[in-house]
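User: I'd like a close look at one part of this model, please. Take your time and connect the pieces for me.

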Amino acid sequence: MIAQTEIEGVQDVSALFSRCGQGAQYRYDWALFADWCTALAASALPADPLALASFLDEHPAAQSTQRRRVAAINWVHNASGYPAPGSARVIRQVLSARAGKRDDLARSARGVLLTLPTVGWPQGLFGRRDALILVLNCIVGISATEVGNLQRSDVTYDGKIVTVGGGHAVELQPLADNPQCCPVAIYLRWARLQAFFDRYPSNRVLARSLASAHEIADDMVESYGMLPGLREGQDGPLLPSFDQWGHFAALRRDRRGVSGKSVTAIVTAHLTGAASASHTRSDPTGRLADVEVEEAVASPWFDGSEGGVDCASPAPETLIEQYEAAVARKYADVRALGDLAEAFEDIDRKADAILCRTEEILEQMGLA
């Protein structure tokens, strides 16, 4: 057995491969892998299974070549007393660990769904929106950026199953015995809200409907009726952003919804118990007659979740101060975080794809 201090040096590794026998044929393959690790400031010995997975993904070749490369890297590790990073067992351990984390994330998200508000103004608005975000990001596994990019037309409903398109091809199945966590019901409550706003584009009317909506309960019989079709000009972000008072940030003509950074922040706040409990305001009252969301979209269990304005609005000076303070906080957050959330999310997505591809390669090479 070669000592670690010997094998880590370039000359010692060269000496290892100069021996007659099986190791000599692995010289080039190991050098390619070692140079690639050096360029990325990654450890070649011992190598992380993710590093090997990335190496194979970035150096496509015939099955026989990939098999030889894996054998070379495993041989050096075995010779130095390290576990072989290219064994199917190690790769599957990494995959299982990641799958376990995803399961834990989904389980935590379902727990949060049970606590989100369904009525009131504007807490019901935030609760409905955040519920759909948690389903798409934590349970379905769509990335934060892609959740924000989804358009209303990307998601369809056939009366039973919700299909998330936009390149995702994910189907959401109903859970009629669990209305609070049913992904189909969660989507329908939000989609009916948007349909209601299409017909009655008034924050105050929507707020009054939300204030009089029914709370979701375990014994509730969910309605899975069809949605009205989108008319011309009604398509747009599935999850548009809105401010702390429940106003849509703007019914913009572009296709941008809530940002990936905001999705990540919302999910993190809920999963860590740091979500704001301050989204509560008095129920809207006044001169407008009640208009129920059910009237517009034929759903007896719809809960409005969109913005409105209290009759007692703050003074203009107060609104200006609050607006400027909010903008300042937003710019400070952007400077502090930059693109880290999207960068880490992209890394995680690529790692998942690389690991899955590596397992396929190992199976093709007969190493599974």
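Is F33 buried or exposed, and what is its relative accessibility?

Analyst: Happy to take you through that. First, this is a predicted model, in which local features need pLDDT of at least 70 and side-chain atom pairs count only at pLDDT 80 or more, while totals for chains, interfaces and linings use all residues. Residues are numbered from 1 along each chain as its sequence is written, and side-chain values use heavy atoms, with hydrogens and water left out.

Now to your residue. F33 has 0% relative accessibility, so it counts as buried (buried means under 20% relative accessible area, exposed over 50%, partly exposed in between, with a 1.4 Å probe and protein chains only). F55 also counts as buried, because its relative accessibility is 0%.

These two residues form one of the seven aromatic pairs in the structure. Rings of Phe, Tyr and Trp (its six-membered ring) pair if their centres lie within 6.5 Å; planes under 30 degrees apart count as stacked, over 60 as edge-to-face and the rest as tilted. The ring centres of F33 and F55 are 5.1 Å apart and the planes stand at 80°, so this pair is edge-to-face.

Where do the partners sit? F33 belongs to helix α3 (residues 27-39) and F55 to helix α4 (residues 49-58), so the pair ties together parts that are 22 residues apart in sequence. Helices here are DSSP runs (H or I, at least four residues), as are strands (E, at least two), numbered from the N terminus.

For contrast, look at F196 and Y200: their ring centres lie 5.2 Å apart with planes at 45°, so that pair is tilted. F196 is buried too, with a relative accessible area of 0%.

Back at F33, the picture widens: W30, F33, W36 and F55 form one aromatic cluster. Two members of that cluster, W30 and W36, also turn up in a nonpolar core. A nonpolar core is a set of buried Ala, Val, Leu, Ile, Met, Phe, Trp, Tyr and Cys residues joined through side-chain atoms within 4.5 Å.

The largest such core has 43 residues, and L136, Y187, L238 and L239 have the most contacts inside it. Helix α7 (123-140) is among the elements that each supply at least two residues, and its nine residues are the largest share. Apart from this core lies the other one, of 19 residues, which includes W30, W36, L362 and M365. In soluble globular proteins, nonpolar side chains tend to be buried together.
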